[in-house]
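Me: I would like to go through this model with you. Could you take me through the fold, the confidence and the charged side chains?

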Amino acid sequence: MILKNTKISLALSILFVIGSAGVFGVSLYLISKKSTELNTQVAAIAESTAVTEEYNKLNVLLEDTESERTKLKEFILSESEIINFLSEVEKISRSFGLKVETNSLNVVEGSGFFDTLELELGFVGEAKQVFKFLEFVEALPYASTVAGYSYSIKTTTLDGRDELTGAVQLRVQIHSYE
C-alpha cells in the first residue's frame, strides 16, 4: 500500500518535473529568439565595420595619393585655364619668331570628368623655327596630342631661307566640372 505522503510526494515530483520541463522549454524558446536578434545585430555590426574599414582605406588612399594627384592636376587644364593656355602657346610661338593665330577652337564633350579641347593653330615663319615650334607643341606638358599638322613653303626669302605657312591640330584634355 502506498502511503498518502508518498502519493503527494509523487504528485509533487511529477508537477515539479512538468514545471521544470515547461520552464526549460520556455527558456529554450527565449534563447532561440534572442540568438536570432543577436545574429541580426552581429550582421549589422559586421556590415558597419566593413563600411568603416572601406572608408578608412579610401581615406588612407586619398592621403597617400594626394601629391600624385596634385602633380597630375598640373598636366590637365580646367575649363577656366583654356584662355591662359592659348595665350601661353601663342606667346611662346612668338618667342620662336613665328606668327601664330588660333584658327579654330572646339570643346568636345567626353564621358566622365574630361572633355577634349580641339584647336587648330595657324603659323607662318622660318622653316627652322617652325620645326622647333612643332617639337615644342609635341612636348607640351599637358594631356595633349598632336592630331596632325600641315605646312607648305610660302616663299623663299632673299637670303635663301624658306618661310613656311601651315597649321597644327591639337587635342588637349580638359577637366570638366559637372
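Me: What does the secondary structure of the chain come to?
Reply: The predicted model has four helices and five strands. Both are DSSP runs numbered from the N terminus, with helices being H or I of at least four residues and strands being E of at least two.

Me: And which pattern does the chain follow along the sequence?
Reply: The order is α-α-β-α-β-β-α-β-β.

Me: Where is confidence lowest, and where is it highest?
Reply: Strand β1 (residues 77-78) has the lowest mean, 64, and helix α1 (residues 4-64) the highest, 90. Over the chain the average pLDDT is 81, and 84% of the residues score at least 70. Here pLDDT is the predictor's confidence in each residue, from 0 to 100.

Me: What conventions apply?
Reply: Residues are numbered from 1 along each chain as its sequence is written, and side-chain values use heavy atoms, without hydrogens and water. As the model is predicted, local features need pLDDT of at least 70 and side-chain atom pairs count only at pLDDT 80 or more, while totals for chains, interfaces and linings use all residues.

Me: How many salt bridges are there?
Reply: The count is two, a salt bridge being a side-chain nitrogen of Lys or Arg within 4 Å of a carboxyl oxygen of Asp or Glu.

Me: Which residue does R171 pair with?
Reply: R171 pairs with E118, and their closest N and O atoms are 3.4 Å apart. This bridge links distant parts of the chain, with R171 in strand β5 (residues 162-175) and E118 in strand β3 (residues 114-126), 53 residues apart.

Me: And K34?
Reply: K34 bridges to E37, with 3.9 Å between the closest N and O atoms. The two are three residues apart in helix α1, so about one helical turn separates them.

Me: Is K34 buried or exposed?
Reply: K34 counts as exposed because its relative accessibility is 52%; E37, at 36%, counts as partly exposed. The cut-offs are under 20% relative accessible area for buried, over 50% for exposed and partly exposed in between (1.4 Å probe, protein chains only).

Me: How much of the chain is buried?
Reply: Buried residues make up 20% of the 178 residues.

Me: Changing topic, which residues form the negative surface patch?
Reply: E63, D64, E66 and E68 form the patch. Patch residues have over 30% relative accessible area and no salt bridge, with like charges joined within 9 Å and nonpolar side chains (Val, Leu, Ile, Met, Phe, Trp, Tyr) within 5 Å. Helices α1 and α2 (66-73) each supply at least two of its residues.

Notes
Accessible areas come from the Shrake-Rupley method with a 1.4 Å probe; for residues, only the protein chains shown count as cover. Lys and Arg count as positive and Asp and Glu as negative; His and the chain ends are not counted. The place of a charge is taken as NZ of Lys, CZ of Arg, CG of Asp or CD of Glu.
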